[in-house]
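Please look over the sequence and the structure first.

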Amino acid sequence: EILLKIKPDIVHIHNNYHSPASILKALSEYGCPILQTVHDYGFLCPSSWGVYKDNYEICNNLGFTFNCIEHKCLHPLQFIHKFVKYKLFADRYRDIISTYISPSKHLAHNLSKKYPDKKVYVLRNFLDLEKYPYIGYDNYVNKELLYVGGFGKHKGIFQLIKSLRYVVDKYPNIKLNIAGKGNEENNLKNLVKSLNLEKNVKFLGFIPNDKIKELYAKSHFVIIPSIWLENSPYVIYESMAIGKYVL
């Protein structure tokens, strides 16, 4: 109904791999040029991590293979469900997409391997630098570290907190601020408590974009401990724009 009402000359879709078939089916019936921006490896990897979950090595054979089960990336029942949903149902409509856009060369390379007959372009994520004034370290006074992002297991926050235990032994006054939210929040707080890090770790909750710059400004550096394949995350852009190192 929307397509018939608007009559677009071109359609630009984004990740669209959680429930793609109905949208692609409608677009195939409408018949206009379609391009898609792929924001992460979930478009190619059934687990969306892009790495083996049992050893965190990069998967060089992204797609539905028995590696998904062997390396504990998916439970066998998950594998069957996703195979039916994506491979047998959604992929039949993906031929209508003529062009893919990726924020990184690595993902673009893997898209070209998966879809050699498609056009694939790298278009970097962009940032308005005027909204992130450079601060650097001239006025730096706080010994605070910062994590910004979701609380999923793929983000590596559990490993970050466990690593902090060793840092605190040498630098007892170090602080780690964690900004974000997610379904692992209670488990993360329990881990902090079990490691006696309650004086060193502070959970700030979700911070709006207009307030996040204040956190960047007072931090020593920003940590991105992800164990999945990140794909040009904005936290890196924002940190470096303000003049903070990224670990």
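Asn200 sits in the loop between α7 (185-194) and β7 (201-205). Helices (H or I, at least four residues) and strands (E, at least two) are DSSP runs, numbered from the N terminus. This is a predicted model, in which local features need pLDDT of at least 70, side-chain atom pairs count only at pLDDT 80 or more, and totals for chains, interfaces and linings use all residues. Residues are numbered from 1 along each chain as its sequence is written, and side-chain values use heavy atoms, with hydrogens and water left out.

- Asn200 is buried, at a relative accessible area of 7%; buried means under 20%, exposed over 50%, and partly exposed in between (1.4 Å probe, protein chains only).
- Leaving aside residues up to four places away in sequence, Asn200 touches Leu164, Val168, Pro172, Asn173, Ile174, Lys175 and Leu176, where contact means heavy atoms within 4.5 Å.

**Helix α7**

- Leu188, Leu191 and Val192 are the buried residues listed for α7.
- Seen down the axis of α7, its buried residues fall within an arc of 100°, so they line one face of the helix; the arc is that of the directions from the helix axis to the C-beta atoms.
- These buried residues pack against α6 (157-170) and β7.
- Asn186, Lys193 and Ser194 are exposed, on the other side of α7.
- Just after α7, Asn196 has a positive phi of about 55°.

**Strands β3 and β4**

- Strand β3 (residues 99-102) and strand β4 (residues 119-122) run parallel and are joined by 4 bridges; two strands pair if DSSP finds at least two bridges between them.
- Ser102 has Val122 in β4 as its bridge partner.
- From β3 the chain passes through helix α5 (residues 105-114) to β4, a β-α-β crossover that is right-handed.
- A crossover is right-handed if, with the strands pointing away from the viewer, the path from the first strand over the helix to the second runs clockwise.

**Cysteines**

- A disulfide is a covalent bond between the sulfur atoms of two cysteines.
- A search of the whole structure finds 0 disulfides, the cut-off being a pair of cysteine sulfur atoms within 2.5 Å.
- Cys45 is buried, with a relative accessible area of 9%.
- Cys59 also counts as buried, at 12% relative accessibility.
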